[in-house]
Amino acid sequence: MNPSARSPFAAGPSTLGPTGHSAPVPPGPTARLLAGWYATGRPAALPDHLRRYGPPPFTGRPAGPLVQAVEAAGLTGRGGAGFPTARKLRAVAERRGRAVVVVNAMESEPASRKDEFLLAVAPHLVLDGGVLAADAVGADVVHVCLPRTRAAQYRQLAAALDERRRARLDPVPLRLHALPHAYVSSESTSLVRWLSGGPARPQGGPPRSHERGVARRPTLVDNAETLAHLALIARHGPGWFRQAGPRDEPGTTLVTVSGAVAAPGVLEVSLGTPLGMLLDHAGGAAESLRAVLLGGYAGTWLPAEYLRTPLARHDLAALGAAPGAGVLIALPQSACGLRETARMLGYLAAHSARQCGPCRFGLPAVAGDFAALAAGRADPDLLPRLHRRTGLLPDRGACRHPDGAARLAASALRVFADDVGRHLTHGACPAAHQPPLLAVPPATPPEAWR
């Protein structure tokens with residue numbers, strides 16, 4: 001089975017957008033979410049979508065057949081945590097009162113473009129998923145959340161919602177929102193808090209969203225890609241979904257591949273596909289690789305010798321890694337991994353909510369130490385201090401933001417240990433003085449949280 005289908009976007013992930021390709025690369029059997037794009041070479045308007053898939057198969061039965069199908073399919077969240085989708089659906093459906101569904105299309109991970117691309121070429125598949133989820137949990141409204149920085153996509157989705165309203169397709173209203181853009185604003189409790197009238201900052205502690213979310217109502221928050229998979233399972237069934245991927249982690253997933261590859265872009269691959277094959281489908285490595293970053297800025301550096309590892313949670317867990325936000329970044333031998341990590345940590349520190357100790361004090365301290373290490377300005381106590389501070393970040397914040405930063409920092413110290421020694425004893429390596437490789441956004445705090 002061909003393990004992937006690739007979006008025909010030759011530009012890097014920071015500039016993904018329609019390129020005018022009239023003849024996309026033919027899809028393999030696992031081109032599921034992107035099948036309509038490959039069939040036509042253009043985004044799907046509602047008539048195109050309905051011709052391909054038909055209307056959403058509503059049942060009007062909360063916690064009924066769709067939840068059972070999703071459970072049998074083994075669908076897990078594609079937003080980062082990988083939580084079983086059926087368990088989330090059932091938890092909301094079993095609460096008393098009318099529920100709320102939130103489509104999380106914030107995609108605040110800077111290295112990811114998968115949800116942006118999916119919404120650009122198959123918006124109605126995502127919207128179908130949101131409305132079908134509402135049908136399954138007994139919700140009377142679906143909120144679709146985008147970052148304010150994607151004005152063109154907001155206009156496109158507003159037009160798609162107008163199409164659906166004119167067609168009287170949906171039994172519940174869909175409401176589109178543009179939220180402040182910050183790394184932590186895509187966290188589920190940030191969306192609930194903002195939709196309830198507060199700032200787009202995470203809210204730690206109980207009650208959980210499925211118990212008391214938007215306007216104190218039971219709330220399902222799911223990633224845009226997850227809901228698109230749900231829409232296909234509703235139509236084709238769990239057996240069809242399980243035709244791709246391993247038995248214990250079935251289905252396909254979208255991955256944004258960037259860095260030192262010939263053709264960066266968004267891929268649709270079967271879970272279980274080796275990491276090296278993902279790079280091959282992105283045109284192959286542009287030069288000899290030192291490492292890859294898996295999962296995004298809250299992810300894990302892995303040495304290049306691990307490229308045979310399957311993209312599956314079970315296999316990656318042994319390496320202390322996970323698919324995360326569906327990001328794979330190739331780092332060439334010519335780049336300085338410490339410098340690139342320092343830049344990412346600086347961004348993560350600037351984009352924290354600054355509501356708790358790990359984000360207000362710990363994360364900026366780790367970012368500062370890492371910047372000094374990358375620049376070759378290390379004092380004798382820097383390395384033990386950095387290890388100690390990194391170890392204090394996890395499991396102490398209102399959200400998992402400091403945990404992700406600690407994971408990134410710890411993996412960099414491990415994978416680039418030889419460079420750490422050289423930077424400590426001889427100053428910054430020559431690669432640290434070269435132009436940076438990764439398109440890390442400026443480390444400036446968000447302008448607004450509301």
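1. The axes of helix α15 (residues 382–392) and helix α16 (residues 401–415) come within 10 Å and cross at roughly 145°, where axes are lines fitted to C-alpha atoms, for helices over the stretch in contact, and angles run from 0 to 180 degrees between N-to-C directions. Helices (H or I, at least four residues) and strands (E, at least two) are DSSP runs, numbered from the N terminus. The crossing of α15 and α16 is left-handed; a crossing is called left-handed if the near helix is turned anticlockwise from the far one by less than a right angle, and right-handed if clockwise.

2. This is a predicted model, in which local features need pLDDT of at least 70 and side-chain atom pairs count only at pLDDT 80 or more, while totals for chains, interfaces and linings use all residues. Residues are numbered from 1 along each chain as its sequence is written, and side-chain values use heavy atoms, with hydrogens and water left out.

3. Where α15 meets α16, Leu383, Leu386, His387 and Thr390 of α15 touch Ala406, Ala409, Ala410 and Leu413 of α16, contact meaning heavy atoms within 4.5 Å. These residues divide into six nonpolar, two polar and no charged (Ala, Val, Leu, Ile, Met, Phe, Trp, Tyr, Cys and Pro count as nonpolar, Asp, Glu, Lys and Arg as charged, and the others, Gly among them, as polar).

4. Helix α14 (residues 357–374) packs with α15 at an angle of about 150°, their axes being 10 Å apart, and so α14 is roughly antiparallel to α15 (angles under 35 degrees count as roughly parallel, over 145 as roughly antiparallel, 65 to 115 as roughly perpendicular and the rest as oblique). On the α14 side the contact is made by Ala365, Val366, Asp369, Phe370, Ala372 and Leu373, and on the α15 side by Leu382, Arg385, Leu386, Arg389 and Thr390. By class, this contact has seven nonpolar, one polar and three charged residues.

5. Helix α2 (residues 46–53) and helix α6 (residues 123–137) have axes that come within 9 Å and cross at roughly 70°, which makes α2 roughly perpendicular to α6. The contact joins Leu46, His49 and Tyr53 of α2 to His124, Leu125 and Asp128 of α6, and α2 passes α6 in a right-handed crossing.
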